[in-house]
Amino acid sequence: MPRPPWSPPRHIAGAGEAGIVTAHLREHNWRDLLEPGSLRTYLESPDATIRLCLEPNPERPWWAVVGTPPNGELWHAAFEARTLAEMILAFAQGLTHPGLVRDTDLYDALDAAGWTRPFARSPYYKRQAPDQLALWDLRRDDEVTCWYARCRVYGEPLWSAVLSAHTPRPAVTAFATALAGPLPRSPAAIPTAAHKFLARHTAVPRPTTELPARAHPTPAVRIR
């Protein structure tokens, strides 16, 4: 009998199926630039301004997206191997259907899900998940500005994502929104570190019926 799915916080739910992202893009006329069966998946948008590469390489981010708009700044996004496919799908949907993404502050969904600033004096653009495992930030290094998200459990990095400053805002907003809320997952798909965290911090349900009271309570026993 299969075990029922869990609904852990989305950021520790496990990578999921990468195929939901590539299938969505192909359904919207993104072209394969490599022969079927290749180790890498290389897709190009219908207007040839965006390319996505999915490559199982432990030394580099598995997902890389590069945008070369004819009348705009170059941009890029990178997602490590265990970044949730559902979040990358939301990012991809923000590229294919930008008009369907709510034109709101991208922090609205995070705030509504209980994400807060890590410290009282933290900048407005920094948010931390209620369990303190995931972080959303805006980083400026060597005059380069990038959105940054990551998740760590007991010091072990689960995943991270980087989206450059000129990444289309609907895609950034869709990705940030996808961070919020639970996500059903088969227990077998959840990373080991996340299992340990959930086991330690999830309350054990109490019995629904009470045991009858003993007529003669057992005397206390001194433990030496």
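Glu-44 is buried, at 8% relative accessibility (buried is under 20% relative accessible area, exposed over 50%, partly exposed in between; 1.4 Å probe, protein chains only). This is a predicted model: local features need pLDDT of at least 70, side-chain atom pairs count only at pLDDT 80 or more, and totals for chains, interfaces and linings use all residues. Residues are numbered from 1 along each chain as its sequence is written, and side-chain values use heavy atoms, without hydrogens and water.

Glu-44 forms a salt bridge with Arg-31, with the closest N and O atoms 2.6 Å apart (a side-chain nitrogen of Lys or Arg within 4 Å of a carboxyl oxygen of Asp or Glu). Arg-31 is partly exposed, at 35%. The pair links strand S1 (residues 31-32) to strand S2 (residues 41-44) (strands are DSSP E runs of at least two residues, helices H or I runs of at least four, numbered from the N terminus).

## Other salt bridges

The structure holds six salt bridges. Asp-137 and Lys-126 meet in one, at 2.7 Å, N to O. Asp-137 lies in strand S7 (residues 134-141), and Lys-126 in the loop between helix H3 (107-112) and strand S6 (127-128). Both residues are buried. Shared partners join Arg-31, Glu-44 and Arg-51 into one network.

## Nonpolar core

The largest nonpolar core has 44 residues (buried Ala, Val, Leu, Ile, Met, Phe, Trp, Tyr and Cys joined through side-chain atoms within 4.5 Å). Phe-79, Phe-91, Trp-136, Trp-159, Leu-163 and Phe-175 touch the most other members. Helix H2 (residues 85-96) gives the largest share, seven residues.
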